[in-house]
Amino acid sequence: MKNTAENDMINSLFEAILSLGSVEECVAFFKDICTDKEIEAIAQRLKVAKMLAEKRTYTEIVTETGASTATISRVNRTLNDSTYGLASVIVRITKQAEYSDLRPERS
């Protein structure tokens, strides 16, 4: 179990992320706080999770993302056995994508 100082530090990180107001701010923040490889690894896991939710095969996921089967298995376990944080985000972004086609074009 994490001590209070570690929990406070982690909570501060999440509060900072929640304060970001746009994709551009998120990009700037994560480029400042993470390495390119860390950002790529997180992005890859999110893509793997989306593809697993679409019932894509491991072979398709490996081919499209370059993720190892170990990473795919770990993401799959997370989707099935976690606190559903990742799964809830997948649902939200999938719905946004589905409904974005219904929004009128802005000029």
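This is a predicted model: local features need pLDDT of at least 70, side-chain atom pairs count only at pLDDT 80 or more; totals for chains, interfaces and linings use all residues.
Which residues does Thr-71 touch, not counting residues up to four places away in sequence? The legends below take that view in turn, starting from the whole chain.

View 1. Read from the N terminus on, the elements run α-α-α-α-α-α. The protein has 107 residues, and 14% of them count as buried. Take the contacts between residues at least 6 apart in sequence: 31% of these join residues at least 24 apart.

**View 2. Thr-71 sits in helix α5 and reaches Gln-44 and Arg-45.** Here is the reply to the opening question: leaving aside residues up to four places away in sequence, Thr-71 touches Gln-44 and Arg-45. Helix α5, which holds Thr-71, covers residues 69–81. With a relative accessible area of 11%, Thr-71 is buried, because buried means under 20%.

**View 3. Helices α3 and α4 pack against each other.** Helix α3 spans residues 36–53 and helix α4 spans residues 58–65; they pack at an angle of about 145 degrees, with their axes 10 Å apart. The crossing of the two is right-handed. On the α3 side, the contact is made by Gln-44, Lys-47, Val-48, Met-51 and Leu-52, while α4 brings Tyr-58, Glu-60, Ile-61, Glu-64 and Thr-65. Sorted by class, this contact has 5 nonpolar, 2 polar and 3 charged residues.

**View 4. Met-51 has several partners.** Look around Met-51 and, not counting residues up to four places away in sequence, you will find it touching Arg-56, Glu-60, Ile-61, Glu-64 and Thr-65. Met-51 is also one of the residues in the largest nonpolar core, the topic of the next view.

**View 5. The largest nonpolar core has 10 residues.** Its members are Val-48, Ala-49, Met-51, Leu-52, Ile-61, Ala-67, Ile-72, Val-75, Leu-79 and Ile-90. The largest share, 4 residues, comes from α3. As background, nonpolar side chains tend to be buried together in soluble globular proteins.

**View 6. Phe-29 and Phe-30 form an edge-to-face pair.** A search of the whole structure finds 1 aromatic pair. The ring centres of Phe-29 and Phe-30 lie 5.3 Å apart and their planes meet at 85 degrees, so the pair is edge-to-face. Is Phe-30 buried or partly exposed? Phe-30 is partly exposed, with a relative accessible area of 24%.

Conventions
Residues are numbered from 1 along each chain as its sequence is written. Side-chain values use heavy atoms; hydrogens and water are left out. Axes are lines fitted to C-alpha atoms, for helices over the stretch in contact, and angles run from 0 to 180 degrees between N-to-C directions. A crossing is left-handed if the near helix is turned anticlockwise from the far one by less than a right angle, and right-handed if clockwise. Contact means heavy atoms within 4.5 Å. Ala, Val, Leu, Ile, Met, Phe, Trp, Tyr, Cys and Pro count as nonpolar, Asp, Glu, Lys and Arg as charged, and the others, Gly among them, as polar. Buried means under 20% relative accessible area, exposed over 50%, partly exposed in between (1.4 Å probe, protein chains only). Rings of Phe, Tyr and Trp (its six-membered ring) pair if their centres lie within 6.5 Å; planes under 30 degrees apart count as stacked, over 60 as edge-to-face and the rest as tilted. A nonpolar core is a set of buried Ala, Val, Leu, Ile, Met, Phe, Trp, Tyr and Cys residues joined through side-chain atoms within 4.5 Å.
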